[in-house]
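Subject: Structure handover

Hello,

Please find the structure below, with my notes after it.

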Amino acid sequence: MTAQITVAQTQAPPDAETARREIARRRRRRRAYVWLCRVVILAAVLITWQVTSGHWFPAFVMSSPAQVWDRVREWLGNGYLQSNLGVTLEETFIGFAFGTLVGAAAGLLIGLSRFASEVLSPFINALYAVPKIMLGPLFVVWFGIDLTMKSTLAGLFVVFIVFYNIWSGVQEVDQDLVEMFRVMGASRWAIIRGIYLPSALSWLFNSLRLAFPVALIGATVGEFIASSAGLGFVATNAANQADTSGVFVAVIAVTIVAVLMDQLIVLVQRMVNRRLGKNEGGRLVI
Amino acid sequence: MTQATRMTQRAERRREKSGGEPAAPGPVLDLRSVSVRYLTSSGLNTAVTEVTATVEPGEFVSVVGPSGCGKSTLLHVAAGLIRPSAGQVTYLGQEWTGLHPDVGYVTQKDTLLPWRTVADNIALPLQLKGMRKAERRAIAADMAASLGLEDYLKHFPNQLSGGMRQRVQLGRTLVIRPKLLLMDEPFGALDAYLRLRMQELLLSILREHPVSTVFVTHDLGEAITLSDRVLALSGSPGQLVLDCAIQTSAERGDPMAVRSTPEFSDYQSRLWDAISAPGGQK
């Protein structure tokens, strides 16, 4: 490192293009190291699991990567994994969409009224504290054991996260901006459209990242309560037959869905942020 | 040509330029024995008391005074944001009815919308008035050009320096052609060099877009450099202690030249004496 810098100093200063290429090269190399380390860690975990399985613990308790892989191939082959994944995704997305819509709308409406926020805040806090899983049996009574029950459970989880983020965000909007709009003669609606909605967008994305995994939990827990399909059902069903590999397959499938969705939300968030002028890591123009 | 006639002529020119309307008879803003009292948890608090002052069309008036003498309160009264507890406020010949229309307000604080580009920030008040996109874009681009921001139309505020952001705020304020421009320590957060540059820019932009201005500052030099007239407030509650017309032998568009005239230091010591007179600041 030091050597490189000394060499650079004795030579003529590089032109902008060379400097840019050098910075890009170093960034790529660093990135490659990061990924290499990640792969090594993953490989170490898998190898340890494979090697210890059947030695330290019985294979039917621990399963092993090879057995999990076999089960994946089997279930992909006969379509069992895909169909159950589809069921869980449907429940999750319906709950996620409804929960987001209701939570965002309510958060905005209540947040815009200081009086309503003050009146309702103890109720909101109380509802937030309720372990929402406990409502599962109630939903079985209300909606039966079909899609509606699981989506409602997923949506209920989501609603609170989105609501809470937007609601508290609205109350933290810079009042000097609002004052500035007023001096310009802006109407109430113009203030909401010009300040509150754009601000709400960034809180929305932050809450969506939290909300999606929670929606998945809602759906799978709903399947635990009562179901004949879905990844939650796959897991309980496999466990009932002492098929730990099957349980692992369900868990890994849910994890992959959550990670992919998180990446997707981050991607959209970046696009939106670029439109909103929040460019990360950009250089200042003086 | 004497300084006095030069000054009158300049005011005349501004009046003519400010949109072909007939010059409003009388002052833009007329404050008579204005007092403002606040009710606070520690009791009744008087911010300013018995202030009488006017702002004539095209005039640049600064308000100076130590912190807490009610300068900003007076500016809120001028904007029609608060109604005085006693006294009379007349804006463009009309008594107080609420927020004054066609008032531009600039503060030290950055109130640009971070999610809007420079062009869209400048065009904001036009948009709020319902102007069509193409039209307001064109006007905003013109305004940006006269502020030296023509290359930054598509930049976002967080990509700009403090001085540039303040220029965008100024552009946003002037784009509606206000009848009264109110500025509350607009350059207070800038360093000394940038502040002089901004003063220069402000004077040149006001030649292009003439408007009656009230400028609050605690920097006496800044007030003398910029103004036709300086009002000095002092004490708590704030009282008007000096109303002083400024005339120097230097070209006023050049802050450094004004600062090097002998009159400049005379005014400075007069204002200093006024605001630090006994009975004023404790």
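In chain B of this predicted model, helix H3 (residues 118-128) and helix H5 (residues 162-174) have axes that come within 7 Å and cross at roughly 35 degrees. The crossing of H3(B) and H5(B) is right-handed. On the H3(B) side the contact is made by Val118(B), Asn121(B), Ile122(B), Leu124(B) and Pro125(B), and on the H5(B) side by Val168(B), Gly171(B) and Arg172(B). By class, the residues of this contact are 5 nonpolar, 2 polar and 1 charged.

For chain B as a whole, the secondary structure comes to 9 helices and 10 strands. The chain has 282 residues, and buried residues make up 43% of them. Of the contacts in chain B with a separation of 6 or more, 71% are accounted for by residues 24 or more positions apart.

Turning to chain A, the domain assignment divides it into domain 1 (2-52) and domain 2 (63-275). The C-alpha centres of these domains of chain A lie 37 Å apart.

Helix H8 of chain A (residues 147-171) has 25 residues. From its first C-alpha to its last, H8(A) reaches 36 Å, close to the 36 Å expected at 1.5 Å a residue. H8(A) is mostly covered, with 20 of its 25 residues buried.

Is Asn125(A) buried or exposed? Asn125(A) lies in helix H6 (residues 114-129) of chain A. Asn125(A) counts as exposed because it has 10 C-beta neighbours inside 10 Å, and the cut-off for exposed is 12 or fewer. Asn125(A) and Tyr33(A) are 92 residues apart in sequence, and their C-alpha atoms are 45 Å apart in space.

Regards

Key: Residues are numbered from 1 along each chain as its sequence is written. Chains are lettered from A and ligands numbered from 1 in the order in which they are written. This is a predicted model: local features need pLDDT of at least 70, side-chain atom pairs count only at pLDDT 80 or more; totals for chains, interfaces and linings use all residues. Axes are lines fitted to C-alpha atoms, for helices over the stretch in contact, and angles run from 0 to 180 degrees between N-to-C directions. Helices (H or I, at least four residues) and strands (E, at least two) are DSSP runs, numbered from the N terminus. A crossing is left-handed if the near helix is turned anticlockwise from the far one by less than a right angle, and right-handed if clockwise. Two residues are in contact if their C-beta atoms, placed from the backbone, lie within 7 Å. Ala, Val, Leu, Ile, Met, Phe, Trp, Tyr, Cys and Pro count as nonpolar, Asp, Glu, Lys and Arg as charged, and the others, Gly among them, as polar. Domain bounds come from an automatic or database domain assignment. The expected span of a helix is 1.5 Å times one less than its number of residues.
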